[in-house]
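Reader: I would like a close look at a single part of this model. Please keep to what can be computed from the atoms.

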Amino acid sequence: MTGPLATPDLFVVLPVVAQALAAGTGVVALESTILAQGLPRPDNRRIADEVEDAVRAASATPATIAVLDGVVHVGLTPAELDRVCADGDLAKLSIRDVGVAVAQGRSGATTVASTAALSHRAGIEVFATGGLGGVHRGAAETFDVSADLAAIGRTPVVVVCAGVKSILDVAATLEVLETLSVPVLGYRTDRFPGFYLADSGHPAPWRVETAHEAAAVAHARRVLATDSAGVVLANPLPAERQVDPVLHDRLVAEGLAMLEREGVRGKDVTPRLLELFHARSGGESLRANVELVIGNAGLAGEVAVALAGLRQS
Ligand code: PSU
Ligand code: MN
């Protein structure tokens, strides 16, 4: 028999990742949509290495997740990262798409939602991204609410992010996270970060000072069996590294007008908005995006190491 359905391995874990998981050392999952759809080529390939290196610098093992030719890969080789970063037509796979892509032998990049689900399947407890998806502005009419929220609402992973993308309705997103019983921890801040901005204008419900404190939250939740949902660890850019708020607000307005004019809907909304930001901010949005993702990957590495220590003690 040939074809994707005859493939015994629908789910492969890179040996270095499998060894780290077996040894109980820190592992950090990384999403691939940010590489394939969120950052411009060819910079995305260099950034992929920098993000993985930030995890390694914290003494943890990175596992970038993607679907290649009908197989889920947890941890990518350099050649596989090349593929994910070079292919301009790679599909964006949320949770609902992963089973279809695997069954049909397709390839695609995983979002926060699908990366959370697949990390959990692999036994990885921490993952890093840039900004979460959430409730889009105008969602009362469009019903556009990212599947990221529901996924975090039912998957016990720690998601390290710089808040939710600032193109969203942040207040509504925080309400949904509350409804889903997802704790939101500000890392060394009382404010909920705004992705490109250090402060979204909303408070963070809880604050932690160290990666160890964040890991202790995940550990306590497991011991207490209140971990049916994930934890959001919100790590802001330093204020002096944020995108100028005036430029930011102008680009959000331009982006929303563009969506309206061009009738962009569904899963194309987020990539199109990010693309507009990158094209019109004179490199500022890209710089900030890269810095925040690398910062999140490093912090996620520290949390993964601390959590591994707590699990073993
Ligand atoms: N954060 C970024 N860049 C991105 C994304 C997040 O810095 O490209 C991606 C993530 O994969 C996230 C997705 O899960 O956008 C959300 O898309 P949607 O709004 O269609 O659910
Ligand atoms: Mn959407």
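How much space lies in the largest pocket?

Author: This is a predicted model, in which local features need pLDDT of at least 70, side-chain atom pairs count only at pLDDT 80 or more, and totals for chains, interfaces and linings use all residues. Residues are numbered from 1 along each chain as its sequence is written, chains are lettered from A and ligands numbered from 1 in the order in which they are written, and side-chain values use heavy atoms, with hydrogens and water left out.

The largest pocket holds about 540 Å³ of space. Its lining has 31 residues, of which Lys92, Thr111, Ser146, Asp148 and Thr270 are the closest to its centre. (A pocket is an open set of points on a 1 Å grid over the protein atoms alone where a 1.4 Å probe fits, with protein on both sides within 12 Å along at least five of seven lines; lining residues have an atom within 4 Å of a point.) By type, the lining divides into nine nonpolar, 14 polar and eight charged residues.

Ligand 1 takes up the space of this pocket. Around ligand 1 are 17 residues, with Glu31, Lys92, Ser146, Asp148 and Thr270 the closest. Four of the shell residues are nonpolar, nine polar and four charged. Helix 2 (33-38) gives the most to the shell, three residues.

An N or O atom in the Lys92 side chain is 2.7 Å from one ligand oxygen, and a polar side-chain atom of Thr270 is 2.8 Å from a ligand oxygen. For Val112, a polar backbone atom is 2.8 Å from an oxygen of ligand 1.

Note on methods:
A residue is near a molecule or strand if one of its heavy atoms lies within 4 Å of it. A polar contact is a pair of N or O atoms within 3.5 Å; within protein, one must be able to donate a hydrogen and the other to accept it, and residues adjacent in sequence count only if both atoms are side-chain atoms. A molecule sits in a cavity or pocket if more than half of its atoms lie within 2 Å of its grid points. Helices (H or I, at least four residues) and strands (E, at least two) are DSSP runs, numbered from the N terminus. Ala, Val, Leu, Ile, Met, Phe, Trp, Tyr, Cys and Pro count as nonpolar, Asp, Glu, Lys and Arg as charged, and the others, Gly among them, as polar. Grid points are joined across faces, edges and corners, and a volume is the space filled by probe spheres set on the points.
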